Amino acid sequence: MRLDDLYPGWDGLDAGSAAVREILTTGRWRAWDWAPDRPGQWHELDLDRPVIVEGVGAISRASRPLADVALWVELDDETRKARALARDGDAYAPYWDRWAAQELQFIAREDPQALATVTIAPQAAVR
């Protein structure tokens, strides 16, 4: 599952991260409907099958004990921004700084890289 599907808006990184623990214990999560900026449909995961949670906030002190493996992908800010804007373009561009500030706060508070089982450091993007 992608946390992008459930962050509640552009200021929702912490709420999305907090939802991971509940998702991994109940299998239920509520999507965020980005266009009207409101909660969307409920979804259920089969917790008897492997679950992959992807996104900033997936690894926190609250959720880490529930995961068998936690991967941290380390990439420079310039490449991350280029990839995000290539993926989402004009929809994301006005919010980059706002979201990046939340990421910095989350990383400083939770230190997800230290909680990770493995750190992956891919080469800079080929443009």
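Predicted model: local features only at pLDDT ≥ 70, side-chain atom pairs only at ≥ 80, totals over all residues.
Residues are numbered from 1 along each chain as its sequence is written, and side-chain values use heavy atoms, with hydrogens and water left out.

**View 1. Strands β1 and β2 form a hairpin.** Strand β1 covers residues 28–33 and strand β2 residues 38–44; they run antiparallel and are joined by five bridges. Helices (H or I, at least four residues) and strands (E, at least two) are DSSP runs, numbered from the N terminus, and two strands pair if DSSP finds at least two bridges between them. R28 has E44 in β2 as its bridge partner, and R30 stands opposite W42 in β2. Four residues lie between the strands.

**View 2. Two residues have a positive phi.** D37 sits in the loop between β1 and β2 and has a positive phi of about 60° although it is not a glycine. D111, in the loop between α3 and α4, is also a residue other than glycine, with a positive phi near 50°.

**View 3. The largest pocket has a volume of about 1800 Å³.** Of the 50 residues that line this pocket, Y7, E54, G55, V56 and G57 are the closest to its centre. On a 1 Å grid over the protein atoms alone, a pocket is an open set of points where a 1.4 Å probe fits, with protein on both sides within 12 Å along at least five of seven lines; lining residues have an atom within 4 Å of a point. Grid points are joined across faces, edges and corners, and a volume is the space filled by probe spheres set on the points. Helix α3 (96–110) is among the elements that supply at least two residues of the lining, and it gives the largest share, seven residues. The lining divides into 32 nonpolar, four polar and 14 charged residues. Here Ala, Val, Leu, Ile, Met, Phe, Trp, Tyr, Cys and Pro count as nonpolar, Asp, Glu, Lys and Arg as charged, and the others, Gly among them, as polar.

**View 4. The second largest pocket has a volume of about 190 Å³.** Of its 14 lining residues, the closest to the centre are L6, A19, W29, R30 and W42. By class, this lining has 10 nonpolar, one polar and three charged residues.

**View 5. A salt bridge joins the side chains of R80 and E103.** The N to O distance is 2.3 Å. R80 lies in helix α2 and E103 in helix α3, so the pair ties together parts that are 23 residues apart in sequence. A salt bridge is a side-chain nitrogen of Lys or Arg within 4 Å of a carboxyl oxygen of Asp or Glu. A search of the whole structure finds 10 salt bridges.
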